[in-house]
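Please look over the chain below before reading on. The paragraphs after it go from single residues to the chain as a whole and back again.

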Amino acid sequence: MTKYIFVTGGVTSSLGKGIISASLAKLLQARGYKVTIQKFDPYINIDPGTLNPYEHGECYVTEDGAETDLDLGHYERFLNTPTSQANNVTTGRIYQYVIDREREGAYLGKTVQVVPHITDEIKRRMCLLGKDGQYDIIITELGGTVGDIESLPFIEAVRQLRWELGTNNSLVIHLTLVPFLAAAGELKTKPTQHSVKTLLEYGIQPDVLVCRTEHHLNAEIRKKLALFCNVNANAVIESIDAPSIYDVPLLMLKEQLDKTVLAKLKLSTKSDPDLESWKAFLGKLKNPTAEVTIALVGKYVELPDAYKSINEAFIHAGAANECKVKVKLIAAESINAANVDEKLKRVCGVLVAPGFGERGLDGKLIAIQYVREHNIPFFGICLGMQCAVVEFGRNVLKIKDANSYEMDPKTKHPVIHLMEAQKKVKNMGGTMRLGAYECEVKKGTKAAAIYGKSRISERHRHRYEFNNDYLAQYEAAGMIASGINPANNLVEIVELKGHPFFVAGQFHPELKSTVANPHPLFVSFVAASLAHSKAAKQK
């Protein structure tokens, strides 16, 4: 039967439950086990689709169009396997389902309560991916911190589920913090003890402790944690700060986390993990032969997690080019005609990031005009593509009031307009064009050379599209639609003739970039930026 691993967090948030979950899954996968990871979030939003990135980082979109937590991006990047709607569940989705069922009369007049109705639904969702026998092991990451009032139903559901699954079919990994007090000059175990005590009060004994720390844990500390937290000494795992998240699987291998987990689940540890390709990636990542600076122009640059997948895609593409990519974050609002030269003249490429709303629009348009006119490699994603279309309309086609319908519904020239299917939409959540859609790439274009095939599939998250009424005018002036959605004739990719690299997509290529398969658009953009850097040095 499918085995279940539950990952909880204590002491503080942001300890890296997602990275530990993904790293363990990678090690188990490398041993030949079929693994997936799911994330249960305690907030009441149905999904993070309507959350401001400053609240919760980027919103990650799956192949089937689910708007999910950014940790699912880590899962996909590490495992190179797609996730789905079933891999991310929130308190809001659980309660919505139970309340809808109550309205239908499904509970036969019973009083609907947190226990058993909410916890039963949580358990059902936790086991959903294990029903068809597709996976040997399912790792479930519980969002939040043990002791939070929002997390209680999830913790109770895990307690019940462990009892129902029986011995050796599940385990709990508790990620906690062992802080170093500089004044005392020592590591402190008390926060971990309190965190485990809280977990025990809820009826859950952790099987493995993963301890985030800035300093190595000595044998004495491990023995003390084992004694006070009722775990085996070999189940106290050190998770020391790492230079890169991609180092964590090898650090966990060294700590034998995978062996400890498999032993407790009574699964074989005979085959050693095959991590050769992972080590090869790390070798390229840590030993670059060149360096390139690329500007990321966006409106959420104060929080790096807002562009998490883009930053990771640059890391993958950099390794593929044996090049270190230094991402220079530039707030779109800070760019104007007077300072654009100063801000962009030393970068070798510019990516204009996705986003919503008018804030920072003028800065993005000025940046795009600058790189178009100075032959600096440009890459636009979603709103970045739409900005490229607006800028070209205004400055090349001389359509002075060319604009996006999103920014100005009264514009006489909506070169970007609202999709027909979106015109009657009232609710904001979950109603955009979401998930994977096909795209036909035109022969002889830069996009065709990059992808090396004529039909591709990419993930989307938007409401507005290129207005085909203007397509002939744009193509005649040199901005061609090199990618088209065959079902609806929607423009997916635009590129500029005669420019070293000026490519923009309506989709989000960063969502499909993984360690094993860096996205070709990012790889080509980094290569073009590197070529620009070398050419600039020779001048």
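Ile-416 is in contact (heavy atoms within 4.5 Å) with Gln-386, Val-389, Val-390, Asn-403, Ser-404, Tyr-405, Tyr-464, Glu-465, Phe-466 and Asn-467, leaving aside its neighbours within four places in sequence. The residue belongs to strand β17, which covers residues 413-418. Helices (H or I, at least four residues) and strands (E, at least two) are DSSP runs, numbered from the N terminus. Ile-416 counts as buried because its relative accessibility is 0%; buried means under 20% relative accessible area, exposed over 50%, and partly exposed in between, with a 1.4 Å probe and protein chains only. Between Ile-416 and Leu-51 there are 365 residues in sequence and 24 Å in space, C-alpha to C-alpha.

This is a predicted model, in which local features need pLDDT of at least 70 and side-chain atom pairs count only at pLDDT 80 or more, while totals for chains, interfaces and linings use all residues. Residues are numbered from 1 along each chain as its sequence is written, and side-chain values use heavy atoms, with hydrogens and water left out.

The chain as a whole comes next. It contains 18 helices and 23 strands. Its radius of gyration, taken over C-alpha atoms, is 25 Å, which agrees with the value near 24 Å that a compact globule of 539 residues would have; the globule rule is 2.2 Å times the number of residues to the power 0.38. Along the principal axes, the C-alpha atoms fill a box of roughly 75 × 65 × 45 Å. Of the 539 residues, 56% are buried. Among contacts with a separation of 6 or more, 73% are between residues 24 or more positions apart.

The chain exposes about 22,900 Å², and carbon and sulfur atoms supply 50% of that area; accessible areas come from the Shrake-Rupley method with a 1.4 Å probe, and for residues only the protein chains shown count as cover. There are 65 positive and 60 negative side chains, and the centres of the two sets lie 2 Å apart. Lys and Arg count as positive and Asp and Glu as negative, while His and the chain ends are not counted. The place of a charge is taken as NZ of Lys, CZ of Arg, CG of Asp or CD of Glu.

Another strand residue is Val-494, in β22 (residues 490-496). Its relative accessible area is 2%, so Val-494 is buried. Beyond four places in sequence, Val-494 touches Met-385, Met-479, Ile-480, Ser-482, Phe-502, Val-503 and Ala-504. One of these, Ile-480, is 14 residues away in sequence, with a C-alpha to C-alpha distance of 5.5 Å.

Thr-36 lies in strand β2 (residues 35-41) and is buried because its relative accessible area is 5%. Its side chain makes a polar contact of 3.2 Å with the side chain of Asn-87. A polar contact is a pair of N or O atoms within 3.5 Å; within protein, one must be able to donate a hydrogen and the other to accept it, and residues adjacent in sequence count only if both atoms are side-chain atoms. Not counting residues up to four places away, Thr-36 also touches Leu-129, Tyr-135, Ile-137, Ile-138 and Ile-139.

Asp-207 sits in the loop between α7 (190-201) and β10 (208-213). Its side chain has a polar contact of 2.9 Å with that of Arg-162 and reaches the backbone nitrogen of Val-172 at 2.8 Å. Other contacts of Asp-207 outside its sequence neighbours within four places include Leu-171, Val-231, Ala-235 and Lys-264.

His-532 is in helix α18 (residues 520-538). At 23% relative accessibility, His-532 is partly exposed. Setting aside neighbours within four places, its contacts are Val-347, Cys-348, Asn-375, Ile-376 and Pro-377. Ile-376 is 156 residues from His-532 in sequence, but the C-alpha atoms are 7.2 Å apart.

Some backbone details remain. The peptide bond from Val-115 to Pro-116 is cis, with omega near 15°, and Pro-116 lies in helix α5 (residues 114-128). Asn-80 is not a glycine, yet its phi is positive, about 60°. This residue is in the loop between α3 (71-79) and β5 (88-90) and, at 33% relative accessibility, is partly exposed. Cys-382 also has a positive phi, near 55°, and is found in the loop between β15 (378-381) and α15 (383-395). With a relative accessible area of 4%, Cys-382 is buried.
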